[in-house]
Amino acid sequence: MVHRCQLLIASPGAGDNEAAAAMEEAARAFIVVMIAHCKTGPAAFVFSSSTRQWRAAASNGWDDLFPNQGESTMISSMHRKLVGCHYAYGCFYLESTMNNKLLVFDTRRMEFSILDVPCETSNMFGLAIVEAGEGRLGMLDIHDETLGGKCDLCYYIRGNRGENSGQWKIEKTISLPYDYQYYIQASTKRYLLLRKLGPLQSISSSLEVEYVSMDVKTLQLQRVCGVSFGYSLASARIYTNFPPSLLSAPTI
């Protein structure tokens, strides 16, 4: 029984040192990944723009992916949820209801795995997985213990093979303006989108919502747009690198 599905698009791409012709050819190709949240575990189905066909790619049991969780934290069919999806270095990272763990689907190996995140992350205001450069994985998390008081955006980096690859270390802590509530809305590769609500000391009718972007290479925040509070519940996503076939006009 399938409880929920997620459709994800990825461009396989070529390696950094491959010829330009191969990179151009790879840029025209893309895959669509459907992650099915089944009662027994996740399953991945992949559509290729090259073959124009779907195929079953991978499946695992929940107990195999999340072993030794104990009876009180076993994920039931109602609680086995995967929320929030991030893409970096050819992998999709899905936030799970299990504490401090992400479900990873590798589009190159076509397999599932689990990634531990730093134990100090709260995930109360969302988290983001980004490309930190040089093959390193980055993660951002918001720490706001006073709900609108001192608010920090924490940036962690996970080392490559040979340099404590399994360890996360804090790279930077960015203090955010006081009297605003921040949420991580979305991320893609090297960009982050934040939702900023406030000022909290104002009456509710004057609350405004701003969307702020951040480039993880420069760690600079930049305002994208603002909307009235009544529209703040609308979902916002980042869209970049559309597959060319979705943008070009149909031809005969």
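Leaving aside neighbours within four places in sequence, which residues is Ile-174 in contact with? The views below start from that residue. The model is predicted: local features need pLDDT of at least 70 and side-chain atom pairs count only at pLDDT 80 or more, while totals for chains, interfaces and linings use all residues. Residues are numbered from 1 along each chain as its sequence is written, and side-chain values use heavy atoms, with hydrogens and water left out.

View 1. Strands (E, at least two residues) are DSSP runs numbered from the N terminus. Apart from neighbours within four places in sequence, Ile-174 is in contact (heavy atoms within 4.5 Å) with Cys-151, Asp-152, Leu-153, Met-214 and Leu-219. Between Ile-174 and Leu-153 there are 5.0 Å in space, C-alpha to C-alpha, and the two are 21 residues apart in sequence. Ile-174 has a relative accessible area of 12% and is buried; buried means under 20%, exposed over 50% and partly exposed in between, with a 1.4 Å probe and protein chains only.

**View 2. The largest nonpolar core, with 18 residues.** Such a core is a set of buried Ala, Val, Leu, Ile, Met, Phe, Trp, Tyr and Cys residues joined through side-chain atoms within 4.5 Å. Leu-140, Leu-153, Ile-184, Leu-192 and Leu-194 touch the most other members. Strands that give two or more residues to this core include S9 (127-133), S12 (168-176) and S15 (208-215). S11 gives the most, with four residues. Residues touched by Leu-194, not counting those up to four places away in sequence, include Ile-142, Leu-153, Ile-184, Val-212 and Leu-221.

**View 3. Aromatic pair of Tyr-87 and Phe-92.** The structure holds four aromatic pairs. Rings of Phe, Tyr and Trp (its six-membered ring) pair if their centres lie within 6.5 Å; planes under 30 degrees apart count as stacked, over 60 as edge-to-face and the rest as tilted. Tyr-87 and Phe-92 form a tilted pair, 4.8 Å centre to centre with 50 degrees between the planes. Tyr-87 is buried at 13% relative accessibility, and Phe-92 is buried at 3%. Phe-105 and Phe-112 also form a tilted pair, at 5.1 Å and 50 degrees; both of these residues are buried.

**View 4. Charges over the rings of Tyr-183 and Tyr-180.** A charge sits over a ring if NZ of Lys or CZ of Arg is within 6 Å of the ring centre and within 35 degrees of the ring normal. Arg-195 lies over the face of Tyr-183, 4.8 Å from the ring centre. The charged end of Lys-196 sits over the ring of Tyr-180, at 4.3 Å from its centre.
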